[in-house]
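Please find below my notes on the chain shown here. They are set out as numbered points.

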Amino acid sequence: MRTSRTGRAGQYLALLAYLLFLALPFLWLISTAFKPPRELGSLHPTWIPKDPTLANFRQAFDEQPLLHAALNSLTAALGAGLIAVLLATPMAYVMARHRTRLARAATGWVVVSQAFPLVLVIIPLFLVLKNLRLINSMPGLIMVYVVWALPFALWMLVGYVRAVPPELEEAAAVDGAGRLRTLVSVTAPLLAPGIAATGLFAFVTAWNEFFFALVLLKSPERQTLPVVLTHFIGAEGVADLGPLAAAAFLATLPSLVVFAVIQRRITGGMLAGAVKN
């Protein structure tokens, strides 16, 4: 009994340490965003600003087109999330309901593809988009985001589909519904929470993405918010720390809000179908 309590206490302490490890950089970012220049250059920094100010936020909006960049990020993220869900839902249905060797191979490929580093795929992607004349365009960036989000979207939705009782689809087939009608009228409504969570996850992934946007978008008016944030760093690597922290804080808020909404659904999607009825 005592050993069990000790082990549980150790688990909680490890979890607390991990949470602090994740939270401290964000808390420091918030603190920096509200500090005046005098405190930012202090040799004895404090967590809580002594003289909090909004000047960093005003300067950030004056120096860089944050609203326009946020609109670009929103366009790319919404487009990627919507298209990824539309493609992943029927594919996940087939992979979950038809457990053939091809389906198992496709599932394995989905997992393996997540291990590919970005540097490995950026040159082939660049050449493909160049041939399609989609370099420096929002449709080209959305296409890349869809391809990158699709494996994880499939993985999540397969679990949700397997959690839907096949008997419901069999009853629809007895009533004369075809595969497409069954998917749209019977399965899809039951998958609505999972589809929403998958779409929001794809949205957050595209919203935070930096590397593809940096390589594929050259025009300043097409750059997304993560790329524009780098403009607060000078040519010699000296960062305009206050405005950078303020802009980064605002850019982080949508991701935090979305993850706060979908974190339970994401866990459910990973575990759905793992328990056999």
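1. Helices (H or I, at least four residues) and strands (E, at least two) are DSSP runs, numbered from the N terminus. On that basis the chain has 13 helices and zero strands.

2. This is a predicted model, in which local features need pLDDT of at least 70, side-chain atom pairs count only at pLDDT 80 or more, and totals for chains, interfaces and linings use all residues. Residues are numbered from 1 along each chain as its sequence is written, and side-chain values use heavy atoms, with hydrogens and water left out.

3. The C-alpha atoms of the chain fill a box of roughly 75 × 65 × 30 Å along the principal axes. Of contacts (heavy atoms within 4.5 Å) between residues at least 6 apart in sequence, 72% join residues at least 24 apart.

4. The UniProt record, an unreviewed entry, lists "transmembrane region" for residues 12-34, 74-96, 108-129, 141-161, 182-207 and 244-262; such annotations may be inferred rather than shown by experiment. Among them, residues 74-96 are 100% helix and 0% strand, with end C-alpha atoms 31 Å apart. Residues 141-161 are likewise 100% helix and 0% strand, and their end C-alpha atoms are 29 Å apart.

5. Of the 277 residues in the chain, 38% are buried, that is, under 20% relative accessible area with a 1.4 Å probe, protein chains only. The accessible surface (Shrake-Rupley method, 1.4 Å probe) comes to about 16800 Å², and 69% of this belongs to carbon and sulfur atoms.

6. The chain carries 21 positive and 12 negative side chains, counting Lys and Arg as positive and Asp and Glu as negative, without His and the chain ends. The centres of the two sets lie 13 Å apart, each charge being placed at NZ of Lys, CZ of Arg, CG of Asp or CD of Glu.

Key
Buried < 20%, exposed > 50% of the residue type's maximum accessible area, 1.4 Å probe, protein only.
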